Amino acid sequence: LHRFMVFIFPDNLSNSLAASVSAQITSSPITLLLFGTITPIGIISNIFVSPLISLFFSFSIISIILSFLFPFLSDLFSYILNFMYNFISFIVFFFS
């Protein structure tokens with residue numbers, strides 16, 4: 001699936017989109033059986049949310065390490081992480 005999307009989308013976007021479409025295709029029969037409906041908006045929302053989650057986790061790990069080394073920066077890191085979390089939550093609620 002990724003091989004076909006590389007021609008249409010940039011490489012990073014095609015990776016995320018291919019993973020999202022593959023997960024949607026794989027889980028659609030079970031979702032349809034259990035809930036009676038399929039929502040393809042999840043593919044679109046994953047394009048926006050997945051890179052932000054990766055950035056959030058990366059920054060979280062970096063901030064934990066730096067907070068041990070420089071404890072006075074922990075408040076700053078907590079504000080930044082809180083903002084990132086709220087922004088990701090807003091995007092998730094927007095698409096839901």
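The backbone oxygen of serine 27 lies 2.9 Å from a polar atom of the side chain of threonine 31, a polar contact in the sense of a pair of N or O atoms within 3.5 Å, where within protein one must be able to donate a hydrogen and the other to accept it, and where residues adjacent in sequence count only if both atoms are side-chain atoms. This is a predicted model, in which local features need pLDDT of at least 70 and side-chain atom pairs count only at pLDDT 80 or more, while totals for chains, interfaces and linings use all residues. Residues are numbered from 1 along each chain as its sequence is written, and side-chain values use heavy atoms, with hydrogens and water left out.

**Fold and confidence**

- The protein chain has four helices and zero strands, and its elements run α-α-α-α from the N terminus on; helices (H or I, at least four residues) and strands (E, at least two) are DSSP runs, numbered from the N terminus.
- The mean pLDDT, the predictor's confidence in each residue from 0 to 100, is 85 for the protein chain, with 88% of its residues reaching 70 or more.
- Among the elements, helix α4 (residues 74-95) has the highest mean pLDDT, at 94, whereas helix α1 (residues 2-5) has the lowest, at 61.
- Of the contacts in the protein chain with a separation of 6 or more, 44% are between residues 24 or more positions apart, contact meaning heavy atoms within 4.5 Å.

**Surface and burial**

- Of the 96 residues of the protein chain, 23% count as buried, which is to say under 20% relative accessible area, with exposed set at over 50% and partly exposed in between (1.4 Å probe, protein chains only).
- The accessible surface of the protein chain comes to about 7,200 Å², and 77% of that area belongs to carbon and sulfur atoms, as computed by the Shrake-Rupley method with a 1.4 Å probe.

**Nonpolar core**

- The largest nonpolar core has seven residues in all, namely Val49, Phe56, Leu81, Met84, Ile88, Ile91 and Phe95; such a core is a set of buried Ala, Val, Leu, Ile, Met, Phe, Trp, Tyr and Cys residues joined through side-chain atoms within 4.5 Å.
- Helices α3 and α4 each supply at least two residues of this core, and α4 gives the most, with five residues.
- Leaving aside neighbours within four places in sequence, isoleucine 91 is in contact with Phe48, Val49 and Leu52.

- Threonine 31 lies in helix α2 (residues 11-35), is partly exposed at a relative accessible area of 26% and, leaving aside its neighbours within four places in sequence, is in contact with Gly36 and Thr37.
- Serine 63, placed in helix α3 (residues 41-69), is buried because its relative accessible area is 4%.
- A polar atom of the serine 63 side chain lies 2.9 Å from the backbone oxygen of serine 60, and serine 63 touches Phe77 and Leu81, not counting residues up to four places away in sequence.
- Phenylalanine 57 is also found in helix α3, and at 51% relative accessibility phenylalanine 57 counts as exposed.

**Aromatic rings**

- The structure holds seven aromatic pairs, in which rings of Phe, Tyr and Trp (its six-membered ring) have centres within 6.5 Å, planes under 30 degrees apart counting as stacked, over 60 as edge-to-face and the rest as tilted.
- One of these pairs joins phenylalanine 70 and phenylalanine 72 edge-to-face, at 6.1 Å centre to centre and with 70° between the planes.
- Phenylalanine 70 counts as partly exposed at 38% relative accessibility, whereas phenylalanine 72 counts as exposed at 65%.
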